[in-house]
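This briefing sets out selected structural features for use alongside the sequence and coordinates. The points are grouped by topic.

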Amino acid sequence: MTAYMALEAYMALEAYMTSLPMALQKELSPFGFEVRCTIVKIKYMVYNLLPEFVRMIDWDDFNIQERKKGDKHSSNYIYKSVTVRVCCTMMLFICSVLALIGAYCSVCWLYDNLRTPVSLIVHTLLQTILPKRKFGAKYGEWAVITGASDGIGKGYAEYLAQKRMDIVLIARNEQKLNRVANEISNKYSVRTKVLVADFSEGQTVYDHLAEELLPLDVGILVNNVGLSYERAMCVEELPRKTVWDLLNVNVASVTMLCHMLVPSMKQRGRGLIVNISSLSASAPAPYLTVYSATKVFVRNFSMALHEELRPHHVQVQTVLPGFVQTNMTAFVANEHKERQVAKHLVQVEDYVRYAGFTMGKTDRTCGYWTHGLQYAGLKLVPECIRILVMKTIYNSLRAPHGVQKVD
Ligand SMILES: NC(=O)c1ccc[n+]([C@@H]2O[C@H](COP(=O)([O-])OP(=O)(O)OC[C@H]3O[C@@H](n4cnc5c(N)ncnc54)[C@H](OP(=O)(O)O)[C@@H]3O)[C@@H](O)[C@H]2O)c1
């Protein structure tokens with residue numbers, strides 16, 4: 001049946017259905033019957049849009065019921081409903097399913113993105129009621145920070161010294177470390193300890209670190225050390241040594257230090273571990289492939305460890321920073337000098353002020369509010385779009401003709 005023929009049939013049927021009940025009404029009313037006619041008009045356009053199988057559906061419906069005398073509520077009706085019932089039911093069903101999926105996704109997204117602000121508000125309110133406990137008393141005397149001589153790590157070291165914690169600073173460059181340690185101890189009158197370690201050396205560094213750290217009452221561990229690319233590039237363009245360094249510095253250091261310090265924290269029934277992942281862990285990042293994958297490892301490891309240590313009152317916080325102005329992001333600023341990108345990157349002091357405020361209050365944070373919005377925005381779109389966004393960002397940061405591989 002073509003659309004045109006179906007329409008003709010429909011019009012004819014409608015005319016017939018309109019006149020029949022009117023005639024019946026006249027004929028049957030002396031015998032106490034009431035005839036009613038209900039017509040649900042289907043607009044021509046809508047009708048024409050319907051698929052053929054729907055147009056061929058039996059669309060009229062008669063019901064004749066006998067009216068019991070004197071019963072107002074059960075009159076005898078002759079119904080005529082020219083409706084595309086099945087079609088409506090199907091559309092209703094599809095709409096309900098879509099609405100349910102939409103509601104479910106909205107609830108998941110809201111939960112994912114509002115749990116951090118909500119938990120921050122709740123903790124801040126609780127802190128105004130409950131007596132304030134200093135970080136040292138709550139977690140332990142010492143805070144250990146890896147990659148503490150510069151950037152975000154140095155920021156965390158200062159923040160925690162401000163909270164009157166003694167600080168262990170770990171990095172490669174002894175001179176830089178001593179300078180930062182002196183600055184901190186002079187400014188905040190706390191004890192500092194410098195440990196020189198190069199995490200790219202792999203397994204060998206941990207024996208020395210264990211000797212120095214295990215005797216201390218370590219309350220906070222900030223696994224901050226991280227290595228990225230000098231600029232965005234394809235996997236095969238990375239020197240083999242850099243690939244190993246990325247794995248040793250970004251993955252092994254976090255895993256090994258947690259493995260080393262968790263037993264004593266568990267034993268004391270207190271402690272806080274802060275693992276620095278990255279916003280690039282929220283989607284696979286082409287041209288920063290290995291780096292972003294190591295940060296996914298940190299995120300997953302950290303979130304799983306949080307659940308594992310929850311019964312032992314040891315907290316684990318996962319931090320997912322966006323771009324912060326440090327040595328690591330110098331190439332981003334250089335690449336887009338003309339757009340003055342550096343100006344728009346978050347400053348370390350601002351970043352650490354926000355991220356520090358969330359310590360002990362929430363198990364996952366981006367650290368800074370604009371990064372939180374970026375994370376929420378990324379989570380709003382399907383993964384393929386997120387990958388595309390990452391690809392566009394990092395593709396713009398590649399060398400114009402690729403990078404010469406040096407092994
Ligand atoms: N900056 C950002 O926009 C950004 C964004 C997302 C995530 N993150 C993450 O945040 C963390 C800190 O980044 P950042 O930007 O502050 O980095 P950064 O400015 O480059 O500082 C890195 C720190 O790690 C130390 N370090 C580097 N390689 C080391 C090694 N092999 N062994 C021991 N120490 C080493 C450095 O000191 P020495 O050179 O003296 O050893 C320095 O103290 C990283 O995990 C990074 O992935 C940063």
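**Ligand shell and helix packing**

Helix 6 contributes the most to the shell around the ligand, supplying three residues. The model is a predicted one. Helix 6 also packs against helix 13, and their axes come within 9 Å.

**Ligand surroundings**
- There are 30 residues around the ligand, and those that come nearest are Gly 147, Gly 151, Arg 172, Gly 226 and Thr 326.
- Sorted by class, the shell around the ligand holds 13 nonpolar, 13 polar and four charged residues.

**Packing of helix 6 and helix 13**
- Two packed helices are described by the angle between their axes and the distance between the axes.
- Helix 6 spans residues 151–162 and helix 13 spans residues 348–358; their axes cross at roughly 55 degrees.
- Helix 6 is therefore oblique to helix 13.
- The crossing of helix 6 and helix 13 is right-handed.
- On the helix 6 side, the contact is made by Gly 151, Ile 152, Gly 155, Tyr 156 and Tyr 159.
- On the helix 13 side, Val 348, Glu 349, Tyr 351, Val 352 and Gly 356 make the contact.
- The residues of this contact comprise six nonpolar, three polar and one charged.
- Gly 151 belongs to the contact of helix 6 with helix 13 and is also one of the residues that come nearest to the ligand.

**Overall chain**
- The chain comprises 15 helices and seven strands.
- Of the 407 residues in the chain, 30% are buried.
- Considering contacts in the chain between residues at least 6 apart in sequence, 72% join residues at least 24 apart.

Methods
Residues numbered from 1 in each chain as written. Predicted model: local features only at pLDDT ≥ 70, side-chain atom pairs only at ≥ 80, totals over all residues. Axes fitted to C-alpha atoms, helices over the stretch in contact; angles between N-to-C directions. Helix = DSSP H or I, 4+ residues; strand = E, 2+ residues; numbered from the N terminus. Parallel < 35°, antiparallel > 145°, perpendicular 65-115°, else oblique. Left-handed = near helix turned anticlockwise from the far one by under 90°. Contact = placed C-beta atoms within 7 Å. Nonpolar A, V, L, I, M, F, W, Y, C, P; charged D, E, K, R; others polar. Buried ≥ 20, exposed ≤ 12 C-beta atoms within 10 Å, placed from the backbone. Near = placed C-beta within 6 Å.
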